[in-house]
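Please look over the structure shown here before reading on. The notes that follow are a short briefing, grouped by topic.

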Amino acid sequence: MNIFADFQQRLTACLLALQSEGKLPQGLDFSRVVVEPTRDASHGDMAANAAMVLAKQAGLRPRDLAETIATRLAAEPGIAKAEIAGPGFINLTLEHAVFADVLRAVLGAGTDYGRSQAGAGEPVNIEYVSANPTGPMHVGHCRGAVFGDALASLLAFAGWQVAREYYINDAGAQVDVLARSAYLRYREALGETIAIPEGLYPGDYLKPVGEALAKEHGPALLNMPEERWLPLVRTAAIDAMLAMIKDDLASLNIRHEVFFSERTLQMPVDHVGATIAELRARGIVYEGRLEPPKGQPIDDWEDREQTLFRATAFGDDVDRPLLKSDGSYTYFASDIAYHRDKFARGFKEMIDVWGADHGGYVKRMSAAVKALSGGEGHLDVKLCQLVKLMRDGEPVKMSKRSGDFVTLREVVDEVGRDAVRFMMLFRKNDAPLDFDLAKVREQSKDNPVFYVQYAHARCASAFRQAEKAFPDRDFSPQALAAADLALLSDEAERGLMLRIAQYPRLVESAASSHEPHRIAFYLYELASDFNALWTRGGKDQPHLRFVNDTDPSLTSARLALVHSLRCALGSGLAILGVSAPDEMR
């Protein structure tokens with residue numbers, strides 16, 4: 001039940017009625033008219049901007065138009081007051097019955113409350129993590145992994161058909177470096193003393209790979225030239241690294257449905273060459289020479305005739321090379337072919353989650369998707385800023401396992417999956433994040449994940465108290481839906497009902513903007529409102545306690561509120577991939 005969408009529809013009907021009566025001109029654009037929560041509770045429950053955005057089109061003064069609209073809205077069922085504020089905003093105060101209907105809707109829906117069909121079943125491909133398969137996941141990968149996974153859950157909850165995808169970068173020079181590093185560990189496993197030269201991977205995580213190779217091949221690889229052992233070791237090392245990465249991701253409850261190998265873009269069929277040929281036939285690829293860069297250097301500029309993608313025709317700053325001077329494909333050429341494959345699989349909507357260091361790549365990739373899809377496809381690149389790992393305010397830099405970075409698994413093992421996931425989402429993805437290992441273990445309001453989970457556990461505690469106080473009373477959702485909800489008369493209770501009522505609107509807006517952090521922010525605000533009211537009832541205002549030992553009717557009404565709040569908390573936590581405990585240890 002989305003009361004904001006409902007009242008927006010009513011506002012639109014009101015505007016159409018005013019047009020039919022000749023009080024508003026025909027042909028007005030209603031697309032910018034919105035009904036949204038007020039920023040200040042003293043201004044009512046909802047605010048409408050209709051007069052502000054329509055006045056100029058209608059040739060009327062905003063306050064005069066606001067008066068006309070407000071008079072009509074005040075007569076609508078469920079609206080207690082419609083008042084004009086400032087230059088022409090319309091503030092609406094709702095009748096209590098509206099919030100009672102919201103609670104009953106939540107009691108019926110449970111943790112499906114807020115689920116939407118806004119996506120209308122449209123397919124969307126979300127590619128996230130996609131770390132090079134050269135070692136364990138580090139804490140820098142963690143943010144993109146959690147963000148992508150939560151965004152996928154959010155879009156699925158809001159009605160999109162979501163595919164979660166991991167792009168395996170297994171065709172570049174880095175996997176040959178991996179193979180040579182693993183080969184050294186193979187020699188070590190056979191008893192040789194090794195020294196790891198600069199440029200190879202030094203971490204102990206490759207020792208099991210070397211041991212497995214020694215067990216499978218014995219000393220046979222030692223007698224092979226590099227061109228024979230390299231592909232064998234490379235395949236074994238990539239498989240082992242992918243198994244490690246999947247295990248690391250599973251510790252965060254992250255599982256992809258598709259693992260797409262970059263190598264398959266060229267073997268056994270050359271899909272990259274086919275993509276270039278297709279774009280050339282459409283005049284989007286040509287042979288030309290790039291002008292020398294002005295100002296900021298361009299990393300792929302060469303002073304030669306070369307094969308270029310006409311990126312400037314689709315919003316990029318310069319055209320982009322597709323072949324290197326040695327005739328091999330650029331990374332960009334492979335990426336175009338990869339996104340062409342996504343489009344061919346039926347994904348017009350694509351979301352890529354990248355690290356902030358790839359920001360300069362966004363324009364060219366967006367241009368490529370426009371070109372290869374004929375304008376039908378859309379790519380939204382979400383950049384995740386760096387995570388600074390701290391302990392009591394001091395940077396944490398080293399890892400025993402990897403040798404030079406802190407692994408994702410080490411962080412999860414220390415503070416737990418829930419803390420990692422929630423805190424990675426408690427900042428917008430493009431804002432830097434300080435993650436303090438000590439802070440997220442505190443049991444206080446300063447630890448957001450604890451505070452939200454504590455609120456959920458308190459909800460369960462209220463029911464346990466009620467069942468003890470009234471052992472013969474039915475506190476099931478069905479029974480609570482019949483409670484006298486008019487008894488919820490305190491302003492704080494009304495504030496909680498309004499906050500719960502905002503959840504479906506928030507889900508849709510967070511999904512459409514691809515911003516799962518908004519769910520985390522909402523949960524913290526909801527928990528804060530609830531915990532504040534709980535504290536008031538436990539201290540100097542016992543009449544506000546959710547369980548009143550002498551008034552079963554009031555207890556039932558308040559438990560209807562508590563259960564609804566628990567459903568909203570549980571729903572939001574599920575989207576974020578965080579558990580909703582009934583007890584805190």
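Predicted model: local features only at pLDDT ≥ 70, side-chain atom pairs only at ≥ 80, totals over all residues.

**The chain as a whole**

The accessible surface of the chain comes to about 26300 Å², and 50% of that surface belongs to carbon and sulfur atoms.

**Overall build**

- The chain contains 19 helices and 15 strands, and its C-alpha trace spans about 85 × 60 × 40 Å along the principal axes.
- Of the 585 residues in the chain, 50% count as buried.
- When contacts between residues at least 6 apart in sequence are considered, 71% of them join residues that are at least 24 apart.

**The second largest pocket**

- The second largest pocket holds about 660 Å³ of space, and among the 22 residues that line this pocket, those closest to its centre are Pro37, Thr38, Arg499, Gln502 and Glu525.
- The largest share of the lining of the second largest pocket comes from H16, which supplies six residues.
- By residue type, the lining of the second largest pocket divides into ten charged, seven nonpolar and five polar residues.

**Alanine 501**

- Alanine 501 is found in helix H16, the helix that also gives the largest share of the lining of the second largest pocket.
- With a relative accessible area of 0%, alanine 501 is buried, because a residue counts as buried when this value is under 20%.
- Leaving aside its neighbours within four places in sequence, alanine 501 is in contact with Ile3, Phe4, Val102 and Tyr113.
- Alanine 501 and leucine 323 are 178 residues apart in sequence, and their C-alpha atoms are 55 Å apart in space.

**Cysteines**

- How many disulfides does the structure hold? The structure holds zero disulfides.
- Is cysteine 142 buried or exposed? Cysteine 142 is buried, since its relative accessible area is 2%.
- Cysteine 14 also counts as buried, as its relative accessibility is 4%, and the cut-off for this label is under 20%.

Key:
Residues numbered from 1 in each chain as written. Heavy atoms only, no water. 1 Å grid on protein atoms, 1.4 Å probe; cavity = no way out; pocket = protein on both sides within 12 Å on 5 of 7 lines; lining within 4 Å. Points joined across faces, edges and corners; volume = space filled by probe spheres on them. Helix = DSSP H or I, 4+ residues; strand = E, 2+ residues; numbered from the N terminus. Nonpolar A, V, L, I, M, F, W, Y, C, P; charged D, E, K, R; others polar. Buried < 20%, exposed > 50% of the residue type's maximum accessible area, 1.4 Å probe, protein only. Contact = heavy atoms within 4.5 Å. Areas by Shrake-Rupley, 256 points an atom, 1.4 Å probe, with all protein chains shown as cover. Disulfide = S-S within 2.5 Å.
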